[in-house]
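The tour below goes from one selection to the next.

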Amino acid sequence: MTSSARWPDAALLGASGAMRTFVPPAMLAVRGRIRGRAHHAALAAAVGEIAHDKLPIARERVDVPSVGARVASGLFAGHAVAGPVGAVAGAASAAVSTFATYRARSLVGRATGIPDPWVGAAEDIVCVTAAAVATRPSAGAAAEGEEADAASADGVGRSAARGLLAGLAGTAAMTLAQGAYYQLTGAKPSDAPQRAGRKALERAGKRVPRDKRPALNQAMHWLYGTSWGIPYGVLAGSVGARPEPSGVAFGLSVWAIGLAHLPALDLAPAPWKQSPRTLAADAAFHVVYGLGAAGALRATSPGRR
């Protein structure tokens, strides 16, 4: 149900759409506001866009066609949550935020030396979290027979905090699973996290001694895995999804995004150049990651089920 009083949420959706065009419609689909084939199309488009954003061939968001698509996304999603007033707020926010976020991403990359795909991954988290917050059910939804969401009842901030703990727990579960696998098979752990960290630090003028690289590898691994818990906590709590199925979907989504941006950073070969065994093992690790995060989210959620 729409309400013109929710125009700030519409504006937030416009800002989210400025970063990733299809995330606002995809979040509406997650909320059950888009059904049928369009539901699946919106989700597929959002995942595809998040992956494509990390590639060198990605179109600049300030190109005229891209700006038009982002404004249209803000208008559509804004109307869905706040009616005509929301459509105006969403479109206007998308138009302004497209240029603002483009500039901000460029400035962050130049100031820190962090490779653009990693800046984009951080932007993904902000974008998804913003869309999840903006599409949360209204406070009166439960009175109308809809399920009240945990994020509204307990505060988005607390949902994000629970998500952070969930990301930490998921990363711990994944690390244990990887350690056992490497012990049993003799396989070597990936050094992609420390190579990404070294690239960022070296661009900032800091070199990492060889003996410090294993510690950097672990630090980057834990930072990345933990941070993805924030949008998961906000989204999973607000839709009232069962933790285990949502955890598996979450883990595999993070895996799919990694398949795109790691090759773009020259940190891993393209998926079609990796062996089926390597892909299967990595997918399994991410399922463990998602289930670990889901378990922590269940344990820390109010009204544990």
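Select helix H2 (23-30), helix H3 (36-52), helix H10 (229-239) and H11: each supplies at least two residues of the lining of the second largest pocket. The model is a predicted one.

Keep H11 selected. H11 gives the largest share of this lining, six residues. To find the middle of the second largest pocket, show the side chains of Val30, Val128, Leu235, Phe250 and Ser253, which lie nearest its centre among the 22 lining residues. The volume of this pocket is about 580 Å³. Colour the lining by class next: 20 of its residues are nonpolar, two are polar and none is charged.

Now move to the largest pocket, which holds about 1200 Å³ of space. Its lining has 43 residues, and those closest to its centre are Gln178, Tyr182, Ser190, Pro193 and Asp282. Centre the view on these five residues.

Then select the helices around the largest pocket. Helix H7 (156-185), helix H8 (192-203), helix H9 (213-227), helix H11 (243-264) and helix H12 (276-300) each supply at least two residues of its lining.

Which helix supplies the largest share of the lining of the largest pocket? Select H9, which contributes eight residues.

Finish by colouring the lining of the largest pocket by class. Here 22 residues are nonpolar, 15 are polar and six are charged, whereas the lining of the second largest pocket has no charged residues.

Terms used
Residues are numbered from 1 along each chain as its sequence is written. This is a predicted model: local features need pLDDT of at least 70, side-chain atom pairs count only at pLDDT 80 or more; totals for chains, interfaces and linings use all residues. Side-chain values use heavy atoms; hydrogens and water are left out. On a 1 Å grid over the protein atoms alone, a cavity is a set of points where a 1.4 Å probe fits but cannot get out, and a pocket is an open set with protein on both sides within 12 Å along at least five of seven lines; lining residues have an atom within 4 Å of a point. Grid points are joined across faces, edges and corners, and a volume is the space filled by probe spheres set on the points. Helices (H or I, at least four residues) and strands (E, at least two) are DSSP runs, numbered from the N terminus. Ala, Val, Leu, Ile, Met, Phe, Trp, Tyr, Cys and Pro count as nonpolar, Asp, Glu, Lys and Arg as charged, and the others, Gly among them, as polar.
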